Each structure stands twice: as structure tokens, then as C-alpha cells.
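Dear colleague,

Here is the structure I promised to pass on to you. Please open it beside this message, and then read my notes on what turned up in it.

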Amino acid sequence: MTSDALLPVLLPLGLSPLLLGVVNRTKAIVAGRAGQPLLQPYFDLAKLLRKAPVYSRTTTWVFRAGPIVGLAALVLATTLVPFGAGPAPMAFSGDLILFAYLLGLLRLFTVLAALDTGSSFEGMGASREVTFSALAEPALLLALAALAHRTGSLSLSSMYASLDASAWVHVGPALAMLTGGLLIVFLAENARIPIDDPTTHLELTMIHEVMVLDHSGPDLAFILYGAALKLWLLGALLVGVVVPLHGGPWWIDTAAALSGMLGLAIVTGLIESSMARWRLVRVPQLLIGAGVLSALAFVLVLQ
Amino acid sequence: MTLLLVALGLLLASGGGALVSAKSPRGSTAVGAAGAVVACTVGLIPAVRVLLGAPVLALRVAWEVPSGAFFLEVDALSAFFLILIFGLSALTAVYGSEYLLPYGDKKSLGPNWFFFNVLVASMALVVTARNGVLFLMAWEVMALASFFLVTFEDEHESVRAAGRTYLVATHLGTAFLLAFFLLLQRASGSLDFDRLATAPAEASLLFLLAVVGFGTKAGFVPFHVWLPEAHPAAPSHVSAVMSGVMIKTGIYGLVRMLTVLGPPPAWWGWLLCGIGLTSGIFGVLFALAQHDLKRLLAYHSVENIGIMALGLGVGVVGLSAGNPTLTVLGFAGALLHVVNHAIFKGLLFLCAGAVAHATGTREIDHLGGLLKRMPWTGAAFLTGSVAICGLPPLNGFVSEFLIYLGALHGAISPGRITAIPVLGVLGGLALIGGLAAACFTKAFGIVFLGEARSDHTAHAHEPGLAMRLPMLALAAGCVLIGCFAPWVVGALAPVVERVTGLPAESVRANLALATGPLLFVVLATLGLLVVTALLIGSRRWLLAGRCVEEGLTWDCGYAQPSARMQYTASSFAQPLTDLFGSLLQIRRRVVPPAGLFPTEASLVTDTPDVCVEYLYQPVFDGIGRGLSALRWLQHGQVNLYVLYIAITLLVLLVWQIG
């Protein structure tokens, strides 16, 4: 166990809300505003943790279990994803399946908690969430399978460790498609524009924000923190492909990966500033497109 | 072997006893259920022993029937299925002893218990028979016994129609099996399984016959049409047995026959993968469109059979490519999914039965908020839902993990022959998983969460102990297999060895490729529990001393929210059913609100099975039209019928002499 062994867990646990801050700041700058402090997501979390929640009389224990099980699944998922040159604390063949299915567990409980309120708004969000995630799932797994074939290994840590800049020379088009697929999955799973709009709720068009409408206090803090973690984890999978720089001392590798994450946050902010949310009927086309990109990437790496 | 025969005898005797004591509902239930439980317990002993390594049991008694022999054998594969059959049947018999009693006022329960016990005995015989004639006879008894169980409530026209569909479908399937065994007999000169052999030229034809024949019982698309009719019509504990184990005899037959058909060509594996994908996606999509809770579960059986076929497909691709890793992981995944599906689908059908029992309806859109009135049933249903979606840390994840892992090993192995079907398996499993999650959030969320949508739930209550205990036992099974996954998978080694014909060391070495990662999965499960406990603790600490209020669900300031404004199952599934609308062909009858003060408006949707609508209905209509031309032959005059017989005999005689 070296000093950097726990970095892939500690970095997201500590820094993931900052990622949200960067996205928000980017959007503010593009819109010509000063914007909120970079650390605003931390302030929000701290404030929510100090509040007392209000529960609906309709709800049962499922509503209270939702945020807790969801955050627990994400914390466990954090132990599977490598960052920079550092392998994840837990790495085994097939860990990518556990990763995808832990996200599935999170989703199941979020959706059930939403349905537990009996509100039609939340039912609507839940319905859209399960629709879009069902379409995003094949894209994620096929993209990872393509990486597995390219690198000949079945665990996320060794896959990302054996991916280096030369891969872009040999199978550049495949990696580009794979990046496209993963980027769409990243935006969809994290409820970003053009699939969902994270800044408003209470609109009939929203997905994730409307599902958590009735959560408050520490429960909402758990959910927001979980959302930040998810943003980081899926982002790390994307950045690992785009910036496969490692081999130097661990702090240089980590710095490279961190700047990759920073870049991703800025790109996300730019996408959100420059696009409108798509009509809901067009979102499935985008997600199926992501699946096709991933499948093509898989076929291309077979060469 | 004696114990197995004792179990079979006990089943028949108690079934007969239930028939004799049919006058008293309680008496026949006591005899039937107690007999089933005792017999199943006795039958479990030899099965468990063989699976743990005891020598193979065999019994051969000469029989007068041509090519027939009363030849039974319990090897690892048979023992594996026997454990499932006896285990689930015992639990459902306990459940049935309470579930059926309310029907006792209206009808005799004796025949039901008789056929239940005969069904269990015939299933046990199917998986132990080692002679084609005996196998087909047991197969037929199984079909007939389950037919009479399905038509228990035969006063309803819908139940009678379901029974007819089932009877026709199962016999069409059996016809293919008959052809299958006749061809095998011609090639090998015997119908004893240990002497079956086939010429490679015929193997592919035999394989296709087996896929259709056994696939009809298992529910492969497009031979699945009887499943969504028969399962909802049957009493719930019978649905649990039929969906949990009876349709698996189809998988058993396919696996058993794969061992005698010789080395498979690659396209067998591709075909199985294709069938798996079609059944999986078709099943889950149609499940999404259903309004009837038990019909939804029945379509999910089609989906899960698809997942098993995907596993078998990966295994057969591995066999043909000489890749033991794919072979072992594929077959182990498929077999473990057989166990898991028996457990969670049995559980879900029992829960659905409890809901129907308590509310008098299976219509999902009429229910809601049941978790408060039926906390145990609700928790059990949630466990089953998480398991069937294949989510960690429960058992469904373990078998899907094995199939995924097999497919991923195929993805990284060189050669495109294995890589292409693997692409379909990976993408398909992921899509099926996502859609299953959509379907079960709908089923659990609409039935058990929110507010009651109608008066049906007003008097809902938890069922009695006899119904609750089997549900809890099955839910515990979901958790235990999930928590002890590496050891459960390790225990499959003798079965996989029997199925694949690979040497024991190779099977063990390749299973270790899965049990190693599964240890990490168990570790992750522990981690999940610890983190959950920590989060619960920290929330309790945070909330200590604060005033936690209760209020209304936030309704955006609307003054008079009513329970009918909640999202319904139909509206929840609508985005997905619209997306796949061209496949589902949902029929909508809409009465739109009209005028300034609309008084009535309604929307009725109905999703008939496309295979029935566009495949079987036209074919059967055509046959009906064609044969009606011969109707003049049949006019009710007995003397002419006797003449037909005489002419037929004469013709046959002339043919024989000539």
C-alpha cells in the first residue's frame, strides 16, 4: 500500500462537489455573470445537513431508504473506478459490471422513493428516468467492452492502466466513437443538458430534479452529494480514455487526470451554455445513437 | 433411489387421499399439502446427496412397451433440478394450504391437490427418466396435470380459453419431441438415454426439433404464447410452480439432449443467443405494457428464459470454438439463473397471489399504497424485484454476472467468431436489465407505494402465517445466494461437468475465474451494508433533537389533490411503450373530453400478443377454413361413421396384403 493507493477514492469523495462548482462557474462566465463561489456546492451541502427534513404522510420507509442506499451504492462504486495512474482499491475481472449495476441499484431506489410520494410530478420524472437509463445502459457496457477487447483485460483498473497515448494512434477512430458514446452517457446519467436540465425543477420537462422534489434536509444533501460523485465517476471513465497519460511519478499522473476532469467540467459548462434541452421524444434517438457509437467502436477494435 | 421412489409414491398416495377426502376442503387440503411437503422433504435427501458427490443412483426395470424401459437415474444434472422441483413445490404447497381454502366453499379442492401432487411427481420423473418413452409419458402427465390446475376456476370463460391455448401449445411442442425421439431411435436403435447416439448429418435437424419442442415448454419466443395466458389463470401457488420450475423442464430437456447430440457447430450457439435476445427483449417489453400483475410476471418468465438461453448460447459458442472459459461460464450462468429464477419468480408469484387474495384484483392501476397495509408482502416483493432486475447484492446479479463474464471473456479472446454473438449478448443483457428495472419499479411502485387508487385496497391485510412463511423463505433464498455466491457457484461444478463433458480440473479452473471476482462482490456487499449502516447512523445523529415534520406531498400549491391524480402504471410505462410501439401494437380506445364542461372521458389500452395476432391467428384461421371444406364428411349419422371405419379397415387390409 503506497501513499497514493487511496487517491482514487479520496479525490472524488473530497473534490466531486468542486466539479459542480466549476460547471456552474463556466456557465456563469459564458452568460456574462460573476456567478456563485466555486465552493458553493459545499456550502449548500453543509446547510442542508444542518436542516430538519419534512416528510410526506404518504411516504413509507422506502422514501427514507432511497437517498441512503443510493449514496452507499455510489460510495462502493467509487472503490471500483481508477483515477490517473492509480488503480482502484478494488479491482477484479468483471468489476465494470458491478459498477454499472451499482448505478442501477442507485437508480432503482431513487425511482422508488419518487414513486413513494404519490406525486404525479415525481412519477413523471421516474418514468423518464427509467426510460432513458434503459437506453443508456447498453451504450456504457458496450463502450467498456470495446476497451476490454482493446486492452485484453476485464477490470477497469487494468484496462485504464494499459491504455496509453499510442492507442489513439492505432485505433483513433474507434476511441473517438467510444468517447462520443461515453460523453452522451455521461451527460444523460448526470441529468445534464441536452437530456435534462439540472438548474430547474417543477417544470413538466424535467427528469432528475423532479424526482427528488420531496426530499429535504440531510436526505437531500445525500442525494446532491451522490449526484456529484456520479458526475465524477462517469467523468473519470471518460477522462481516462481521452487523457490516457501515465507512466510518470504519481503526482504528475494525478495532476494530468485532474486537469482532464477540470477540462471535462468546463466542456460540460460550455455544452450547457450553448445548447437548449432537447425535446423528450428526441432524447431516445440520442441515446440509441450513443449505443450505436459504442457498438461500432467495439466492431472497429476487433480489427 | 429408494427414497426417491418413496417420495414419488407418497405424492401419488397423498394426491389420491386428497381426492378421496374431497368432501371436506380442510381434509383434502391437509392430506394433499402435508403429503406434498413430506414427500418433497424425503425426495430432497437423495438429490442433495448426489449433488454433494454421492455416486449416481440408477434403477432399470424391464417394461413391456416397445423401446420402453422403466429406467431412472439421478446424476448431478437431475439432482440439481430435483432440488429445485422439490424445494419450490414444498414451499408452494404450504402457501396453497391457506390460499386455496376460501375457494373451498364454492368447489371441491380434492382434485386440485391431486393434480398438484401428480404434477410434482411427474416433474421429478421427467428429470430422472432415462428412456425416451418413459420421458414422453412423464412429459404428457406433467402437461395434463398442469392443464387441470390451470383450469381450476373453469367457471370463467377467460380461464377456459387459457386452458385451451395451453393444451394446444403443449401438444404441438410434444409433437416435435415425438419426432425428435423417433429420429433418435432410428439412428441409435434404442431409446435409453445412455445409448442414444446420432449421425452428425442428422444432429442439426434433431437440435432444431429439440429447440422447438423443449422451447415450447420453456417459453422461447415465438412459442411462448401459452405462458401469458396460462400463468395468470392458474391459482397463484400453481403459477409459482409452473413458472418457477415446470417451464425449466424445457431448459433441462434442451441441456440433457445437448449432451447426446455430439459436438455442436457454431451456429447452434448463435441461434440460442438469437433466441435469448429475442425472448429477453420481447418478454420484458410486453411485460411493460401489461396491466395485470400476474400477466406481467408471466411475460417476465419469457424474459428470464431468454437470459438462460443467452447463457446456454454463450456456452455452446464456447463448446464449438473449443474455449472452455466461455463454455463453463455460459452454462454455469444459465444453470444458476434457472435456480435464481425459480426462487425470485416463485416469490413474486406468491406475493402477487397475496395481493390478489387481499384486494380481490390483479389490476395494477387499481392498487396503490399497499406497503402500509401489507409490510411483509411488500418487503418480500421488493426483494424479489431487486433480484429479478439482476441488481447487487441479491442472487439475480450473480447469475447475470456469470453470463456477462463469460461474454466478456469471449470479447477479449482473439477471433471474430466468438466476438460477434458476444456483442449481442452484452448489449442485449444491458438493455434487458434496464427495461426490467423499468418494469419492476412500475410493478412495485404502483402497487405498493403512493396512495390507494381505488377502494379495493381498503380491506387489504397481511395474509396468514402459512402464506407468509414461504414468501419469507424464498426472499431469504435471494439474499443467501447473493451473499454466498462464490460457494454456490463452486457447488455447481459437478453439474457443469456433466453438461459440458469437460474434465473436472478444467471446470474447476474456469469456475475459479468467476468465484474469485465473486469474492470481491461479496466484499462489496459487506461494504454496502457497512456504508448503509454508517449513513443511517449519521442521519440519526444529525436529526437528533431536530423537529422532523410530516406534511402533504408537495403538490405545487394545488388545492385539492386526489389519489386518482397519481401516475398510473400505464402512464409510467408510456414513454417506453411508445418508443417500441411498432413492436407492441398497443390498441387504444379513447373517448376524449368534449365541450366546456366535459362529463366523461376514458382511455382503454390493450396489448394483445403480436405472435398470436400476426402469426398463429392467421395460420389457425387458414387451417380452419381449409378443413371446413371437409365438413360434409361429418354429419352425425352413426351408421355412416361405421361405414367409414369399415372402408378404412378394408383399405388397410388391402394395403397390408398388397
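The largest nonpolar core in this predicted model has 340 residues, where a nonpolar core is a set of buried Ala, Val, Leu, Ile, Met, Phe, Trp, Tyr and Cys residues joined through C-beta atoms within 7 Å. A residue is called buried if 20 or more other C-beta atoms lie within 10 Å of its own, exposed if 12 or fewer do, and partly exposed in between, with the C-beta atoms placed from the backbone. The residues with the most contacts inside this core are B:I85, B:A332, B:L347 and B:L426, and helix α13 (residues 324-359) of chain B gives the most to it, with 23 residues. Helices here are DSSP runs of H or I with at least four residues, and strands are runs of E with at least two, both numbered from the N terminus. If we leave out residues up to four places away in sequence, B:L347 touches B:A380, B:G384, B:M471, B:L474, B:A475 and B:C478, a contact being two residues whose C-beta atoms, placed from the backbone, lie within 7 Å. In soluble globular proteins, nonpolar side chains tend to be buried together.

Residues are numbered from 1 along each chain as its sequence is written, while chains are lettered from A and ligands numbered from 1 in the order in which they are written. Since the model is predicted, local features need pLDDT of at least 70 and side-chain atom pairs count only at pLDDT 80 or more, whereas totals for chains, interfaces and linings use all residues. The pLDDT, which is the predictor's confidence in each residue from 0 to 100, averages 92 in chain B, where 99% of the residues score at least 70. The model as a whole scores ipTM 0.95 and pTM 0.95.

Chain B contains 25 helices and five strands, and 55% of its 658 residues are buried. One of these helices, α9 (residues 236-246), is mostly covered, as eleven of its eleven residues are buried, including B:H237 and B:M242. Along its principal axes, the C-alpha trace of chain B spans about 95 × 70 × 55 Å.

Chain A has twelve helices and one strand. Its radius of gyration (taken over C-alpha atoms) is 19 Å, close to the 19 Å that the globule rule, 2.2 Å times the number of residues to the power 0.38, gives for 303 residues, so chain A is as compact as a globular protein of that length. Buried residues make up 61% of the 303 residues in chain A.

Finally, three bridges join β1(A) to strand β3 (residues 549-551) of chain B, and the two strands run parallel, pairing being assigned if DSSP finds at least two bridges between two strands. In this pair, A:S56 stands opposite B:G551.

With best wishes
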